[in-house]
Amino acid sequence: MAATGEAKQSTNILRARRLGIDTQFEAIVFMRNDCPVCLSEGFSAQTRIRVSYKDQSVIATLFQTAPDLLEHGEIGLSEAAWHRLGVQAGENVSVCHPRPLESLSKLRSKIYGRPLEADAVSSIFQDIVAGRYSDIHLASFITACSARPLDHSEMVAFTGAMIDAGDRLQWERYPVVDKHCVGGLPGNRTSPIIVAIVTACGLTMPKTSSRAITSPAGTADTMETLAPVDLDLAAMRRVVEKEGGCIAWGGAVRLSPADDTLIRVERALDLDSEGQLVASVLSKKIAAGSTHVILDLPVGPTAKVRSQSAAHALSRDLIAVALAFDVEARTVISDGRQPIGRGIGPALEARDVLSVLQGAAEAPRDLRDKSIALAGHLLELGGTIDLGSGVELAEQTLNDGSAWKKFQGICGAQGGMRTPPKALHCHPVFAKETGKVTAIDNRRLAKVAKLAGAPGAKAAGLEIHARIGAAVDVGEPLYTIHAEAPGELDYSLEYVQENNDIFELTEL
């Protein structure tokens, strides 16, 4: 029996070849359609297989190729599979069928309308983080949880399972505060300003932020134009011990890693259920060690939260689930009808942040006011000052230069302050008629910025010149597109020509 097993294992050995194909998070492997291993094991395209190298293994989706794309005895690996295995070119890996996933039976139970128990949720998330779920499995899970909304117990279980599946930070200080926006609003880069204000006032705020997934910029993208953000846990601790806070990329410390996997598939499906949103937001805050959290809920027709009633329902769930983890949360329902600040895109948003912190006369008033308001809430929630006095203290800290000094200290501790880049190509978009701006389509405006190259091209994006309520004349600029390459400027302008009602004007 042992000899038979060894013989079978030896026939399933293939030489690893790095193909350089970026499949983002999903592990993909490629084998010839005449490969003896495929024939003997019954592998076909889209089969899930286990690939092992030394003490590492990964569950991957198989794609088959024509014989001339791979040599005999080779297996091609995507970038995700290659890095997870840690294999070197030409070294051998073994392949076999994976064990059946027991958690799929729990997933099917949810599809048929049965609520998920905590142990079922835990097993599902363990398999997700381990890479055992294909995109088809993930899509089924997300769809089931959207069609069959999560109850309170499920939201708590989801949040706990997402926390347990990754790293968790603990701090000797108390309280540890944080702020999060549920999203859907371009610009809105309040976090760097808030961190500077509240840490200057003595609170601890180790801010971990995300990079953009479908938006023109995430907080980490914007902050990266000002200072390094790829901080590991040791670096984060060093910065926080020195300055009281940081603004780092959360991916470097593996907080709630299942969330990044789910978000990628949610975006493709255009699904964003309330229960999963609650678990997503709170799991990252709790995993980061937060004890007090302010949650910004922008409401608008093209924001993520569309109505006041939806915002109040989401607010109740966020506060209740946070309480289950002994986290004190406060929600702030804000205006999400239009972007906050002037810039959309990493460097342009960074310039807005600097102008507010430096007290520049041209600083966008809406970004300044919102940052002060949210920082005031956080100062009160963290016990720094009495209720009702937070805004005054936040504004004073901004006005007297303390916040700017603290921000410079944080940037220096993270590796040194940088100057945001400027785009080589700019093109204004003019009003085609005289009128009053009555609406702005946040989603399509964000798409213009992305077509211009944001967030990959740090200087790309757009700068807004007109706000809701403003009167504009025909030929007056509504916004200016910034691009690092002429081709990307052309792409964005083509989209603008096809969607010339991003700014809705009515007659004066």
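Predicted model: local features only at pLDDT ≥ 70, side-chain atom pairs only at ≥ 80, totals over all residues.
Biologist: Does Ser-209 count as buried or exposed, and at what relative accessibility?

Modeller: Buried means under 20% relative accessible area. Ser-209 falls under that limit and therefore counts as buried, with a relative accessibility of 7%.

Biologist: Leaving aside neighbours within four places in sequence, with which residues is Ser-209 in contact?

Modeller: Contact here means heavy atoms within 4.5 Å. Once the neighbours within four places in sequence are left aside, the residues in contact with Ser-209 are Thr-219, Ala-220, Ile-247, Ala-248, Trp-249 and Gly-250.

Biologist: Which residues of β8 point one way, and which the other way?

Modeller: In a regular strand the side chains alternate between the two faces of the sheet. In β8, which is mostly covered, five of its five residues are buried, so the limit of under 20% applies to both directions. Pro-206 and Thr-208 point one way, and the other way point Met-205, Lys-207 and Ser-209.

Biologist: How do helix α7 and helix α12 pack, and which word describes their angle?

Modeller: Two packed helices are described by the angle between their axes and the distance between the axes. For α7 (residues 152-164) and α12 (residues 274-287) the axes are 8 Å apart, and the angle is about 40 degrees. Angles under 35 degrees would count as roughly parallel and those of 65 to 115 as roughly perpendicular, so α7 is, relative to α12, oblique.

Biologist: What is the hand of the crossing of α7 and α12, and how many nonpolar, polar and charged residues does the contact have?

Modeller: The crossing of α7 and α12 is right-handed. On the α7 side the contact is made by Met-155, Phe-158, Thr-159, Met-162 and Ile-163, while α12 contributes residues including Val-278, Leu-282 and Ile-286. By class, the contact has no charged residues, five polar and nine nonpolar.

Biologist: Which residues of α8 meet α15, and how do the residues of that contact divide by class?

Modeller: Helix α8 (residues 191-200) packs with helix α15 (residues 365-381) at about 45 degrees, with the axes 9 Å apart, and the two are therefore oblique to each other. Their crossing is right-handed. From α8 come Ile-193, Ile-194, Ile-197 and Val-198, which meet Leu-367, Ser-371, Leu-374, Ala-375, Leu-378 and Leu-379 of α15. The contact divides into no charged residues, one polar and nine nonpolar.

Biologist: In what order do the strands of the closed barrel run, and which residue in β5 stands opposite Phe-30?

Modeller: The closed barrel has six strands with mixed pairing, in the order β1-β5-β2-β4-β3-β6. Strand β2 (residues 28-32) and strand β5 (residues 74-77) pair in the antiparallel sense over two bridges. The residue in β5 that stands opposite Phe-30 is Gly-76.

Definitions and conventions
Residues numbered from 1 in each chain as written. Heavy atoms only, no water. Axes fitted to C-alpha atoms, helices over the stretch in contact; angles between N-to-C directions. Helix = DSSP H or I, 4+ residues; strand = E, 2+ residues; numbered from the N terminus. Parallel < 35°, antiparallel > 145°, perpendicular 65-115°, else oblique. Left-handed = near helix turned anticlockwise from the far one by under 90°. Nonpolar A, V, L, I, M, F, W, Y, C, P; charged D, E, K, R; others polar. Buried < 20%, exposed > 50% of the residue type's maximum accessible area, 1.4 Å probe, protein only. Pairing = 2+ DSSP bridges.
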